[in-house]
Amino acid sequence: MRCLRIGLLVCTCFFPALVARAIDNSFKLDFDGNGRTDAALYREGSRGGDAPQPSYWYFLDTQTGGTRAMQWGRSLDVPAPADYDGDGKTDLGIFRWWDFDYGDTNEWWLNRPLSGALVINGLELGYHKFSRNYLGDSRAEVAQIYPVDVSPNPGETCFVSVYLIADQDGFVLRKTVGDTCNVNPTPVPGDYDNDGRSEIAVFVNRHFKVWVAPYSPGYSTPNYIHYLDVDTPTPGDFDGDGRTDFAGVKAQGGRLLWRYRKSTTGAELEVDFGLATDKPVPGDYDGDGTTDIAIFRPSNGTWWLINSATGTVQNFHFGYSTDTPLAAPVIPFSPVS
């Protein structure tokens, strides 16, 4: 065990990484294909009177310091990055819910270097965008949660959540993941069983619920259920065994407490890292196959990481308070903010 203290960051424990590697890397946020998560930001175009304006993506390799920028999307678009063509590199993608010429729309715009740009439309309008490789073909599929009113009584509402997955060839899969009226779960997809694809999973009332393929359309008992006392889920492979671990953060006493359950042993660990106002941005920034604990501090645009390969803490300035860090567990869909 080793402890470090840097600035306001308190003592934390580091454990050696195992040699196994996670298989579903469709959302590794590795834009240059070097096997490491890049610090990545989405800077939305202005929503002011001059809208629409172009949106920009910014990337920084945390090991070399190299940076680059690309334009994809515009004002009001929601970022949805993933490896859509299966080449091992994260591609740019956005969900467009508003067309400045025609009004309401419902389109996914994917920038695929190997096979060209693609627009997917005609799906239900939902919230939370979380593209992953759910079908096991190495390409990410678009996915979202949308509500369905199942109330049998006129004048009453009972919205339950349905998890929707759509591939680039027109196949659509729907799975009901809500069993309580008017409660919106948070999607937490990941490769929880190390089968090479992400599973349908949600976080609700501090419980992780995971369903394993094949999927039935209606609600069914989850294959895995686990309670974890956290406010925000941050799933990742924190012990390096190739399986996604149940994990999250909890704001307490002005600090950010990271809690995760090791799938190798079942032990639950806690790490104090960051301020309560920081945004968690876990990822494999050092390329060792293990998820690193990391935060983005909007107040001053700084990143703080624990490199799991060495146990060292790294910090750097990258971005503005208004940028969206793409490694955030859930990309916000806030059309009115």
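Visitor: How many residues sit between β6 and β7 in their hairpin?
Guide: Six residues lie between them. Keep in mind that this is a predicted model. In the turn, Gly116 has a positive phi of about 90 degrees.

Visitor: And how do β6 and β7 pair up, and over how many bridges?
Guide: They pair in the antiparallel sense over four bridges, with β7 covering residues 118–121. If you want a spot to look at, Trp109 stands opposite Val119 in β7.

Visitor: OK, new topic. What's the strand order in the open sheet of four strands?
Guide: The order is β12-β13-β14-β15, and the pairing is antiparallel. The edge strands are β12 (186–187) and β15 (224–227), and each of those pairs on one side only.

Visitor: Which residue in β13 is the bridge partner of Thr186?
Guide: That's Phe203. β12 and β13 pair over two bridges.

Visitor: How many disulfides does a search of the whole structure find?
Guide: One. Cys158 and Cys181 form it, with their sulfur atoms 1.8 Å apart. Cys158 lies in the loop between β9 and β10, and Cys181 in the loop between β11 and β12, so the pair ties together parts that are 23 residues apart in sequence.

Visitor: Is that disulfide left-handed or right-handed, and why?
Guide: The torsion about the S-S bond is about -80 degrees, so the disulfide is left-handed.

Visitor: Is Cys158 buried or exposed?
Guide: Cys158 counts as buried, at 11% relative accessibility. Cys181 is partly exposed, with 39%.

Visitor: What about charges? How many salt bridges are there?
Guide: A search of the whole structure finds 19. Here's the general idea: side chains of opposite charge can pair when their charged atoms come close.

Visitor: Which residues are linked in a network of salt bridges?
Guide: Arg206, Asp229, Asp231, Lys250, Arg259 and Glu270. Let's walk through some of the pairs. Arg206 and Asp231 meet at 3.1 Å, N to O. They link distant parts of the chain, with Arg206 in the loop between β13 and β14 and Asp231 in the loop between β15 and β16.

Visitor: What is the distance from Asp231 to Lys250?
Guide: Their closest N and O atoms are 3.8 Å apart, and they form a salt bridge. Lys250 is in strand β17, so this pair ties together parts that are 19 residues apart in sequence.

Visitor: Last one. Where is Asp288, and what does its side chain reach?
Guide: Asp288 is in the loop between β20 and β21. Its side chain reaches the backbone nitrogen of Ala309 at 3.2 Å. A polar atom of the Asp288 side chain also lies 3.0 Å from the backbone nitrogen of Thr290. Asp288 is buried, with a relative accessible area of 10%.

Key: Residues are numbered from 1 along each chain as its sequence is written. This is a predicted model: local features need pLDDT of at least 70, side-chain atom pairs count only at pLDDT 80 or more; totals for chains, interfaces and linings use all residues. Side-chain values use heavy atoms; hydrogens and water are left out. Two strands pair if DSSP finds at least two bridges between them. Buried means under 20% relative accessible area, exposed over 50%, partly exposed in between (1.4 Å probe, protein chains only). A polar contact is a pair of N or O atoms within 3.5 Å; within protein, one must be able to donate a hydrogen and the other to accept it, and residues adjacent in sequence count only if both atoms are side-chain atoms. A disulfide is a pair of cysteine sulfur atoms within 2.5 Å. A salt bridge is a side-chain nitrogen of Lys or Arg within 4 Å of a carboxyl oxygen of Asp or Glu.
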